[in-house]
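Have a look at the model first, then read on.

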Amino acid sequence: EMADVHFSGRSKAWSWALRLSPYYNRVSDKIVAIPTSSQFRWTMLNIGKVDVTGLDVKAEAGYEGVSFGVNAVLRYTYQRALDHSTPGSQTWGNQIPYIPLHSGSIGLTFRLDEWYLNWDTMLTGERWSRSANTADYYVAPWSSSDVSLSRKFRQFTAGIACKNIFNRSYEIVQGYPMPGFNWMLSVEYNW
């Protein structure tokens with residue numbers, strides 16, 4: 001079950017929007033993929049009953065002029081996904097694997113004529129890699145920021161993107177570290 005509340009406004013060059021989406025779901029036989037000792041072999045965990053309570057929030061504001069524009073997007077998710085399979089068990093009432101209680105992102109885009117500068121930051125709260133929410137299965141919170149610069153031409157767009165610009169160490173899946181600072185050149189052709 002989900003409700004959706006949306007507010008927005010617009011003037012000649014300015015716009016803004018706010019969306020709130022609270023929800024509650026009771027899921028039977030929730031399947032979660034968990035890595036084993038090999039990165040190529042994963043096991044599927046069936047969690048009998050999961051109660052999910054959450055809220056998604058998206059706030060956006062922007063200005064779009066003839067030669068200049070700016071847009072900001074803020075996203076936040078609160079998701080409490082609790083294992084309610086077996087009353088009295090060790091995992092009863094625990095957050096299910098790899099679902100953070102809090103997560104979100106911030107995105108900024110600046111445009112000057114045909115040039116675009118983007119900044120994106122993702123934030124993820126603490127999680128657990130198993131249904132037993134103990135210190136052995138704790139996955140630390142993490143954040144990562146990316147920046148990109150691109151230029152649009154008639155038929156194509158060229159750009160450079162720098163990922164994880166602060167070279168943070170983090171793991172989305174426990175035991176599998178994500179890349180540090182890296183960059184990529186791109187050319188996109190449209191016909």
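## The core

Eight residues form the largest nonpolar core: Tyr23, Val32, Ile34, Ile47, Val50, Val52, Ala81 and Ile96. Strand S2 (14-35) and strand S3 (42-64) each put at least two residues into this core. A nonpolar core here is a set of buried Ala, Val, Leu, Ile, Met, Phe, Trp, Tyr and Cys residues joined through side-chain atoms within 4.5 Å. Buried means under 20% relative accessible area, exposed means over 50%, and partly exposed is in between (1.4 Å probe, protein chains only). As a rule, nonpolar side chains in soluble globular proteins tend to be buried together.

What does valine 50 touch, apart from its neighbours within four places in sequence? Its contacts (heavy atoms within 4.5 Å) are Asn25, Arg26, Val27, Lys30, Ala81, Leu82 and Ile96.

## About the model

This is a predicted model: local features need pLDDT of at least 70 and side-chain atom pairs count only at pLDDT 80 or more, while totals for chains, interfaces and linings use all residues. Residues are numbered from 1 along each chain as its sequence is written, and side-chain values use heavy atoms, with hydrogens and water left out.

## The whole chain

The chain has 13 strands and zero helices. Both kinds of element are DSSP runs numbered from the N terminus: helices are H or I with at least four residues, strands E with at least two.

The radius of gyration of the chain is 21 Å, whereas a compact globule of 191 residues would come in near 16 Å. That radius is taken over C-alpha atoms, and the globule rule is 2.2 Å times the number of residues to the power 0.38. Along the principal axes, the C-alpha atoms fill a box of roughly 65 × 40 × 30 Å. Of the 191 residues, 27% are buried.

Aspartate 29 isn't a glycine, yet its phi is positive, about 55°. Aspartate 29 sits in strand S2 and is partly exposed, at 48% relative accessibility.

Asparagine 164 also has a positive phi, near 50°. Asparagine 164 is in the loop between strand S10 (156-163) and strand S11 (171-173). Is asparagine 164 buried or exposed? Asparagine 164 counts as buried because its relative accessible area is 2%.

## Methionine 122

Methionine 122 belongs to strand S6 (residues 115-124). Its relative accessible area is 42%, so methionine 122 is partly exposed. Beyond its neighbours within four places in sequence, methionine 122 contacts Gly104, Ser105, Trp142, Ser143 and Ser144.
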